[in-house]
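Please read this briefing alongside the sequence and the model. It begins with the terms and then moves through helices, cores, loops and single residues.

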Amino acid sequence: MHPFDASKWGNIFQFLKDEGLVTEDSVVVPREATEADLLLVHTKKYLNSLKWSWNVAAIAEVPALALLPNFLIQKFYLQPMRYQTGGTVLAGRLALERGWAINIGGGFHHCSGGHGGGFCPYADITLLIRHLFRYEASRVRTAMIVDLDAHQGNGHETDFLGKETSVFIMDMYNSNIYPRDRKAEEAIRCKVKLQSFIEDREYLASVKKYLDESLANFHPDILVYNAGTDILEGDSLGLLSVSALGIIERDEIVFRRARERNIPIVMLTSGGYLKKTARIIADSILNLHEHGLISLDIT
């Protein structure tokens, strides 16, 4: 009933196991984000609204969910999303220790503290940064979000609007598609509006140019990389035309820039609506390992 491939995350993990990069024992399993955790970002009113099935149906854009008892939605949809949200926060803490971390889920960049949407029920990117600002304040005072999903990250932009001195947002997105949030755009320090069906050469040149400019102007204590694969050619929601190899090179560029500057980096997989994106993400992670940008025994 949904354009999002809910098996994507499990498939990524299976591909990485098949390649021998990870095992069940070599990954760190997150805990579910609790209500207390979520209240660091979300209003009580918003969290209460998720107890009503029709509200969740609107966020997930699956009208049929409105007909289901909410306990089923909590168990089979919202609880897994809370685990992914917990994974994003955990990845941030691990990145501070190890220099990098990858959550093979997360990246719910259309959700803000008071409003969900675009398949995103929890604001995990905002939660990660606020968690680090509060509990790792001696190490993390500034953060950069590099959002390379095909869609504008209006959720975290809404949350950090007016806080640009501590959070630098670079967002590179198709300007012709959802969400076209003009107010949220005001939070973007490096705004790169793409036209539909842009291909590898122009896309990758823009990534290099604007990421280098952003890092020249702002040196963050942590970099949150929202690595959506809905830029892939043929993705009907992203409407861009970047190849699988282009995605792999894009991820390598971002990791290399962060690692060269000793900036801890967190990667989130975000959007991507074709079955083959799971294989591409796994191949990209393998490529990062092959180039020494991540180590062998942790993900």
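A residue is called buried when its relative accessible area is under 20%, exposed when that area is over 50%, and partly exposed in between, with a 1.4 Å probe and protein chains only. The model is predicted, so local features need pLDDT of at least 70 and side-chain atom pairs count only at pLDDT 80 or more, while totals for chains, interfaces and linings use all residues. Residues are numbered from 1 along each chain as its sequence is written, and side-chain values use heavy atoms, with hydrogens and water left out. Helices (H or I, at least four residues) and strands (E, at least two) are DSSP runs, numbered from the N terminus.

**Helix α11**

- Ten of the 14 residues of α11 are buried, so this helix is largely enclosed by the rest of the structure.
- Those buried residues are T277, A278, I280, I281, A282, S284, I285, L286, N287 and L288.
- They pack against α1 (8-18), β1 (100-103) and α10 (244-260), where contact means heavy atoms within 4.5 Å.
- The expected span of a helix is 1.5 Å times one less than its number of residues; for α11 (residues 277-290) this gives 20 Å, and the end C-alpha atoms are 20 Å apart, which agrees.
- Just after α11, G292 takes a positive phi of about 75°.

**Helix α10 and the residue that follows**

- Helix α10 has 17 residues and reaches 24 Å from its first C-alpha to its last, close to the 24 Å expected at 1.5 Å a residue.
- Its buried residues are G246, I247, I248, R250, D251, E252, I253, V254, F255, R257 and A258.
- The cover over these buried residues includes β1, α9 (200-217), β5 (222-226), β6 and α11.
- After α10 comes N262, whose phi is positive, near 60°, although N262 is not a glycine.
- N262 lies in the loop between α10 and β6 (265-268), and its relative accessible area of 69% makes it exposed.

**The crossing of α4 and α5**

- Two packed helices are described by the angle between their axes and the distance between the axes.
- The axes of α4 (residues 53-60) and α5 (residues 70-98) come within 10 Å and cross at roughly 35°; axes are lines fitted to C-alpha atoms, for helices over the stretch in contact, and angles run from 0 to 180 degrees between N-to-C directions.
- The crossing of α4 past α5 is left-handed, a term used if the near helix is turned anticlockwise from the far one by less than a right angle, whereas clockwise is right-handed.
- On the α4 side S53, V56 and A60 take part, and they meet N70, I73, Y77 and L78 in α5.
- By class, this contact has five nonpolar, two polar and no charged residues, with Ala, Val, Leu, Ile, Met, Phe, Trp, Tyr, Cys and Pro counted as nonpolar, Asp, Glu, Lys and Arg as charged, and the others, Gly among them, as polar.

**Nonpolar cores**

- A nonpolar core is a set of buried Ala, Val, Leu, Ile, Met, Phe, Trp, Tyr and Cys residues joined through side-chain atoms within 4.5 Å.
- The largest core has 49 residues, of which L148, Y203, L223, Y225 and F255 touch the most other members.
- Helix α11 gives the largest share of this core, seven residues.
- Not counting residues up to four places away in sequence, L223 touches M144, V146, L215, V254, A258, I263, P264, I265 and V266.
- A second, separate core of 25 residues includes W9, Y46, V56 and A60.

**Loop features**

- S270, in the loop between β6 and α11, has a positive phi of about 50° although it is not a glycine, and S270 is buried, with a relative accessible area of 7%.
- A cis peptide bond, with omega about 5°, joins Y178 and P179; P179 is placed in the loop between β3 (167-174) and α8 (182-185).

- E185 lies in helix α8 and counts as buried at 6% relative accessibility.
- Leaving aside neighbours within four places in sequence, E185 is in contact with Q152, E157, Y173, K191 and K193.
- R141 lies in the loop between α6 (124-135) and β2 (143-147) and counts as exposed at 57% relative accessibility.
- With neighbours within four places in sequence left aside, R141 is in contact with F133, S166 and D221.
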